[in-house]
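This briefing goes through one protein structure by topic. Please look at the sequence and the model first, then read the points below.

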Amino acid sequence: MERSLETQVSQAVDAWLRWVPRWEPATHRGRVAPCRRCLGSPILSAAGIGANVPHGVQHGLSTRIKTIVDHAVAQYTAQNLPMLQAELDQQAARNRARAYRPAEGLDPEYEGLPLDPEPVPGAPFLFTVAGMADEAVADLPPLPPLTEEAKAALRQEVALADEYANLVGREICGILLRHRLSVQDAISQYVEPQIEAMLSELSEALDSPFDPDTP
């Protein structure tokens with residue numbers, strides 16, 4: 001039996017709550033480009049996760065919720081949007097033919113993030129994971145072209161799928177309001193102390209090295 005949307009959201013939040021105690025601040029260079037999945041997300045706002053919460057913590061929940069939305073839209077598409085479903089099936093078959101698929105099978109905390117770190121000026125990469133993935137895609141034959149009529153019909157079905165995704169997203173936001181306290185308690189217990197410790201350490205490192213009491 002298909003789980004209700006409320007059950008799926010509750011299970012996603014529970015999985016995130018089990019993961020949060022294992023979160024640690026990143027020690028590598030931060031990325032310049034913002035995450036389009038998390039920046040200004042109404043999902044995160046409904047869950048009580050503010051913009052000041054570290055991105056890794058945000059991403060772990062937003063990705064889990066996105067999986068629920070994607071699943072709901074996939075079911076709706078299969079039942080109601082035959083042209084879009086056919087296009088998606090062709091694209092899925094094409095993707096399965098790729099020899100190298102580094103973005104698949106990642107944990108929710110890493111799904112959708114860039115495959116490579118930010119380049120360091122003056123130190124170019126010999127190769128990149130994203131570049132190798134692009135080469136694998138380039139070796140595949142293109143999808144068959146569509147007529148103008150088919151393109152117009154496909155655009156209409158895509159718009160319907162987007163509208164349904166927004167509908168599901170709004171319903172999920174309402175469900176997440178009931179989880180705000182547990183989400184915020186987890187952030188207060190596991191995330192904020194680590195951030196405070198980092199700021200304290202940074203403050204000590206920035207103190208003047210010349211102590212007037214030192215002989």
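Leaving aside residues up to four places away in sequence, Gln58 touches Cys38, Leu44, Ile49, Gly50, Ala51 and Val53, where contact means heavy atoms within 4.5 Å. Gln58 lies in helix H3, residues 55–80. At 8% relative accessibility, Gln58 counts as buried; buried means under 20% relative accessible area, exposed over 50%, and partly exposed in between, with a 1.4 Å probe and protein chains only.

The model is predicted: local features need pLDDT of at least 70, side-chain atom pairs count only at pLDDT 80 or more, and totals for chains, interfaces and linings use all residues. Residues are numbered from 1 along each chain as its sequence is written, and side-chain values use heavy atoms, with hydrogens and water left out.

**Overall make-up**

- The protein has seven helices and zero strands; helices (H or I, at least four residues) and strands (E, at least two) are DSSP runs, numbered from the N terminus.
- Read from the N terminus on, the elements run α-α-α-α-α-α-α.
- The protein has 215 residues, and buried residues make up 28% of them.
- Among contacts with a separation of 6 or more, 81% are between residues 24 or more positions apart.
- The accessible surface comes to about 14,500 Å², and 57% of this belongs to carbon and sulfur atoms. Accessible areas come from the Shrake-Rupley method with a 1.4 Å probe, and for residues only the protein chains shown count as cover.

**Helix H6**

- Helix H6 covers residues 148–176, which is 29 residues.
- What span should helix H6 have at 1.5 Å a residue? It should span 42 Å, and its end C-alpha atoms are 42 Å apart, so the two values agree. The expected span is 1.5 Å times one less than the number of residues.
- Buried residues in H6 include Ala150, Leu154, Glu157, Ala161, Val168 and Gly169.
- Ile172, Cys173, Ile175 and Leu176 are also among the buried residues of H6.

**The nonpolar core**

- The largest nonpolar core has 36 residues. A nonpolar core is a set of buried Ala, Val, Leu, Ile, Met, Phe, Trp, Tyr and Cys residues joined through side-chain atoms within 4.5 Å.
- Which members touch the most other members of this core? They are Val9, Trp16, Ile49, Leu61, Ile65, Ile172 and Leu176.
- Helix H1 (5–19), helix H2 (42–47), H3, H6 and helix H7 (180–206) each supply at least two residues of this core.

**Salt bridges**

- A search of the whole structure finds four salt bridges. A salt bridge is a side-chain nitrogen of Lys or Arg within 4 Å of a carboxyl oxygen of Asp or Glu.
- One of them joins Glu6 and Arg178, with the closest N and O atoms 3.2 Å apart. Glu6 lies in helix H1 and Arg178 in the loop between H6 and H7, so the pair ties together parts that are 172 residues apart in sequence.
- Glu6 is partly exposed at 41% relative accessible area, whereas Arg178 is exposed at 54%.
- Glu109 forms a salt bridge with Arg64, and the closest N and O atoms are 2.7 Å apart. Glu109 lies in the loop between H4 and H5 and Arg64 in helix H3, so this pair ties together parts that are 45 residues apart in sequence.
- Glu109 counts as buried at 10% relative accessibility, and Arg64 is buried at 14%.
- Lys66 forms a salt bridge with Asp70, the closest N and O atoms being 2.6 Å apart. Lys66 and Asp70 both lie in helix H3, four residues apart, about one turn of the helix.

**The loop between H4 and H5**

- Pro108 is placed in this loop and is partly exposed at 25% relative accessibility.
- Apart from neighbours within four places in sequence, Pro108 is in contact with His59, Gly60, Thr63 and Arg64.
- The C-alpha atoms of Pro108 and Ile65 are separated by 9.7 Å, while the two residues are 43 residues apart along the chain.
- Tyr100 lies in the loop between helix H4 (82–96) and helix H5 (129–138), and is partly exposed at 32% relative accessible area.
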